[in-house]
Amino acid sequence: MSKVTVMNHPLIQHKIGIMRVKDTSTKEFRDLVSEIAMLICYEATRELHLADKEIETPLEKTTVKEIAGKKLCIVPILRAGLHMADGILNLIPNAKVGHIGMYRNEETLEPVEYFCKLPKDADERDIFVVDPMLATGGSAIAAINRLKARGIKSIRFLCLIAAPEGVKALEEAHPDIDIYIGAVDRQLNENGYILPGLGDAGDRIYGTK
């Protein structure tokens, strides 16, 4: 089964608390999305492989560590995932970025794909799929389905807030995917929104609420 990691770091919990406040400004909300994504990515990259590399310091030669193996690629689910990607790029500036566009049909609550653009060598990379909210799980499942159809095998999913229903659905659909979550909330409401949640992340990031 998937390894599900729920963050318990005080900084992450503090910042998520600020995001939940309905009066938090668009700019502050946007900044917090990037900051929390960077902190979650720190945990999600804990198991990256390292290799020895010989270098020369100003004083002598020595052996240091560098990340080995596959290169990284961040794949935000549009549109709300973009600012998570920005935060992760602050930590891993050489990562490539792909994009998958999804919107939710408000009647069926099912995801509808409208865009997909990935690096040509995406199947040779470790992929971090990012989306602030894991509600029903539909968008995350559909995005990962698309990646697997491209032959991509090494995938992690990162989100800020999740509902138990979404976590369960994603685990069942993709038991081989590790999931990293800022906080797991109580439940979904009848419209498929997370409670207590923080509202529509995309609207709050872009000021379209």
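Where does UniProt place the feature "binding site" in this protein? Hi everyone, let's start there. The model on screen is a predicted one. According to the UniProt record, an unreviewed entry, the feature sits at Ile194, Gly199, Asp200 and Ala201. In the model, Ile194, Gly199, Asp200 and Ala201 are also part of the lining of the largest pocket.

Let's take two of these residues in turn. Ile194 belongs to strand E13, residues 194–195. Is Ile194 buried or exposed? Ile194 counts as buried because its relative accessibility is 8%, and the cut-off for buried is under 20%. Beyond its sequence neighbours within four places, Ile194 has contacts that include Met133, Leu134, Ile161 and Asp185.

Now for Asp200. You'll find Asp200 in the loop between E13 and H6. With 30% relative accessibility, Asp200 counts as partly exposed. Setting aside residues up to four places away in sequence, Asp200 touches Arg79 and Tyr193.

Ile161 is among the residues with the most contacts inside the largest nonpolar core, along with Met19, Ile40, Ile88, Leu158 and Leu160. That core has 36 residues. Elements giving two or more residues to the core include helix H1, strand E10 and helix H6, and the largest share, eight residues, comes from H2. There is a second, separate core too, with 25 residues, including Leu118 and Ile152.

Terms used
Residues are numbered from 1 along each chain as its sequence is written. This is a predicted model: local features need pLDDT of at least 70, side-chain atom pairs count only at pLDDT 80 or more; totals for chains, interfaces and linings use all residues. Side-chain values use heavy atoms; hydrogens and water are left out. A nonpolar core is a set of buried Ala, Val, Leu, Ile, Met, Phe, Trp, Tyr and Cys residues joined through side-chain atoms within 4.5 Å. Buried means under 20% relative accessible area, exposed over 50%, partly exposed in between (1.4 Å probe, protein chains only). Helices (H or I, at least four residues) and strands (E, at least two) are DSSP runs, numbered from the N terminus. UniProt positions are given in the numbering used here, feature names are shortened, and annotations may be inferred rather than shown by experiment. On a 1 Å grid over the protein atoms alone, a cavity is a set of points where a 1.4 Å probe fits but cannot get out, and a pocket is an open set with protein on both sides within 12 Å along at least five of seven lines; lining residues have an atom within 4 Å of a point. Contact means heavy atoms within 4.5 Å.
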